[in-house]
Amino acid sequence: MKLNDNWKIRDFGVGTARDLEVASPEYVDYFWMTASVPGDVHSTLIKRKLIDDPFYGHNDLKCQWVEEKVWWYRSTFDFDEELLKEDRYELIFEGLDTFATVYLNGVELGSTENMFISHTFEVTRELKKGKNTIAVKFDPVHVHAKEKVQYYWSGFSKKRIWTRKAQSHYGWDWGPRLVAAGIWKDVHLEKRTFAKIDHLFAKTISISPEQAVVEVDIEIEKYWKEKEYVAQVSLAYKEDVISAKVKMNEKKAAVVLEVADPKLWWTHDLGTPHLYQLRIELFTDGVKIDERFEEFGIRTMEVRLVDEVGKHSFTFVLNGHKLFAKGANWIPIDSFIGAVPDSRYKHLIKMSKDANMNMLRVWGGGIYEKDVFYEECNRLGILVWQDFMFACALYPDYNKNFMANVREEITHVVKRLRNHPCLSLWCGNNENDWLYEALSSSGEITHPFYGERIYHELMPELLEELDPTRLFWPSSPFGGNDHNSREQGDTHNWQVWHGNIEPRVFGEPQKVDYSIEGLSFKNFKNDHTLFASEFGMHASSNRYTLEFNIPKDQFFWGSEEMAYRNKDIHQPKGILLMEGYTGVPKDLEEYISFSMLTQAEGLKYGIEHYRRNKPHTSGALFWQLNDCWPGTSWSVIDYYLLPKASYHYARKFYHPILLTLDHAPGKDIGIWVVNDRLESYQDEIELAVYKFTGERVFSKQWTILVEANVTKQIDVVLEDEVLGGLSPKESVMVIRSKGHKTDENLYYFCDHKDLNWGKAELTISLDRENDELTITTNVLARMVTIELGMEQLVIEDNFFDLLPKGRKTVKVQQAQGKEVPWESLRVKAINSVNTIVSEGRC
């Protein structure tokens, strides 16, 4: 049974309370505050108004005291079952953050020191009829880390390397320091009779159109060894059920199932993510004593590191078909993870699918995600690149206790996640190998590579035993002469934004070009990586998000509070990027628009280049998808799940069928089609050029047939030919499908700052009954932006360019079904001077 109810919490100073006294059932906690489980201390204090919202202004600094305290949780539950000799009871905490001591009825059951794993305590003798009391003490992290070595290289905090908790709790360059504590996952009391199913591992051995072979490994824990146990395994798809039995004479046994006419699990862009229902039942003496359910996808997955002609590659292959990985990096969904409802996960992952993403990378400085994350990726057909939780630091692999903790963590995590069909790769860490070598070469790190034994000895040893079905990749990036080499493995492109000068080789210090040209997103076109697993640039959050979290007297461009929203200390980089493309913003309105436009056009520029370079390049995962707080960052979706411009661009540049132009000012224009589907693409496409006033001045059409899963250059046209004497500063190119089979794509001949924009007058027809609005314009409107004062809005399209003589109808909904606040509607474009809104259908 779940034990998530009736919890209370209270703080104590370190050393001011006697533990056994506070844990005792007789202790009076009548005036303690109630708390939600799952949850955390900060969320409880916010709800009780005992701390101000840490996300507003500088309030995170006002609640730093929370991490200095000892926090106790207490709860009671009634137990009325008869205790039989064949029964055992286990008290299970799925997640304790982090240094916790657990008591039942005043008896100390044990201590924990790892946020990432569940903790099970056998409590049969400690249970009593009637009322039972659970108490959990959480020590502040500094009590356990203060005597440890704290001068190794470790970004953002020195203490974090000793604590197996979310590393980003200590602050990162996209989020504040908020060191959470508490019971962040479910609590259970489970009855076990004779034995239990301990672990299972289901894997696809082979597939063909006629048959798939599935092997299910079962591991049980026997409390009564003299009993005989039988496991029954069934695999069901709708009405079709395959089953088999196996005697569990030992702890482990395997069952092989042959599935006729298998329904395969695909990513959503290549097919349907079919899921089977896997059920394991454990019997003794004909009586069922335990069972487990899993959703299972029949699929094969490999990562090819060498292509057909023997060259290096980094290509994911699903069910025998190469795919181009399109997606983003996922950071923790909130600073206070335990309090996040499943609905928030479901909406954010659906947004990823709706943006045509087929892969998310769970970044190594956060958490191994909650079950709902992987379940939704399974259901929606999105692959997961899974980092282990080590990032940007040296870790004490020489310490026996630390390594035992890590071994338990890796074992637990792999067994927990390995049955998910979405899981495509295990990765040892984020940037540790690359940054260690680069910073050692520059003299910034003088210590040995502490942590190396984790990624290069412990992890591969455990994964060879626990999950040999997936590639283990030691780090990201990794491979080649410089672990960020473009010649081998995956890469992080931080030439754009950070100004890193690439390529470099082992032994060379990392050099930086901190200039408009050095940081420019135009540098993406020089990158011929095999797989781009991290790259990106900043953009402002939406106006609603900023306005809700910044004091009114500070709500202006250049204020201290605006700067505080940005946790990257090198804030001029964003200005340099905008200076090169949009020009430097003069006020807050321009900052929001210019930063969003620069990010969107920059990601489009890079990702379309990577996709045109297929199959040499086989993936692009930009940094980052989401935010953990309402700040300014690399995210394309802000904290309130409001998309930035780049999200809506992503829906188009990640479409499985991409019509794309390869163009630089004064150069010929390459016409390209990218087809990621597993069937050929036949269409008639058009390249048209328009004046900003709407007149079409050039058109050329092609009838095309593009084979399955390839990129193809269709033609090259001359810039002078398509302009026909027009000024490039007043013209736009549009490439479109005449059959409306994919999105049209707009390109400009110059950077935004160099174009002669007309003064756009927008006309809006609002239809409240159908929750939609229709927009028209007199001249080309640049980045039409629809703003409404509510979180989790689902706007069908936004931040789009609109040609005159056309109209755009946009549906607006709210993810939780709330009424759309039309009274707060604001529609603008970067070059708009007037907006007229009328009611009624257009």
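Biologist: Which residues lie nearest the centre of the second largest pocket?
Modeller: Keep in mind that this is a predicted model. In it, D173, E431, L435, H498 and H570 lie nearest the centre of that pocket. They belong to a lining of 31 residues.

Biologist: What's the volume of the second largest pocket?
Modeller: About 920 Å³.

Biologist: And which helix gives the most to its lining?
Modeller: That would be helix α8, which runs over residues 432–441 and puts 4 residues into the lining.

Biologist: How do the lining residues of that pocket divide by class?
Modeller: You get 16 nonpolar residues, 8 polar ones and 7 charged ones.

Biologist: OK, switching to cavities. How many of 30 Å³ or more does the structure hold?
Modeller: There are 5 of them. The largest cavity has a volume of about 120 Å³, and 16 residues line it.

Biologist: Which of those 16 are closest to the centre of the largest cavity?
Modeller: D139, P140, V141, A180 and A181. By class, the lining of the largest cavity has 9 nonpolar, 5 charged and 2 polar residues.

Biologist: What about the second largest cavity, what's its volume?
Modeller: Roughly put, about 60 Å³.

Biologist: Which residues line that one?
Modeller: Among them are S168, H169 and W174, along with P332, D334 and C628. The lining of this second largest cavity divides into 5 nonpolar, 4 polar and 1 charged.

Notes: Residues numbered from 1 in each chain as written. Predicted model: local features only at pLDDT ≥ 70, side-chain atom pairs only at ≥ 80, totals over all residues. Heavy atoms only, no water. 1 Å grid on protein atoms, 1.4 Å probe; cavity = no way out; pocket = protein on both sides within 12 Å on 5 of 7 lines; lining within 4 Å. Points joined across faces, edges and corners; volume = space filled by probe spheres on them. Helix = DSSP H or I, 4+ residues; strand = E, 2+ residues; numbered from the N terminus. Nonpolar A, V, L, I, M, F, W, Y, C, P; charged D, E, K, R; others polar.
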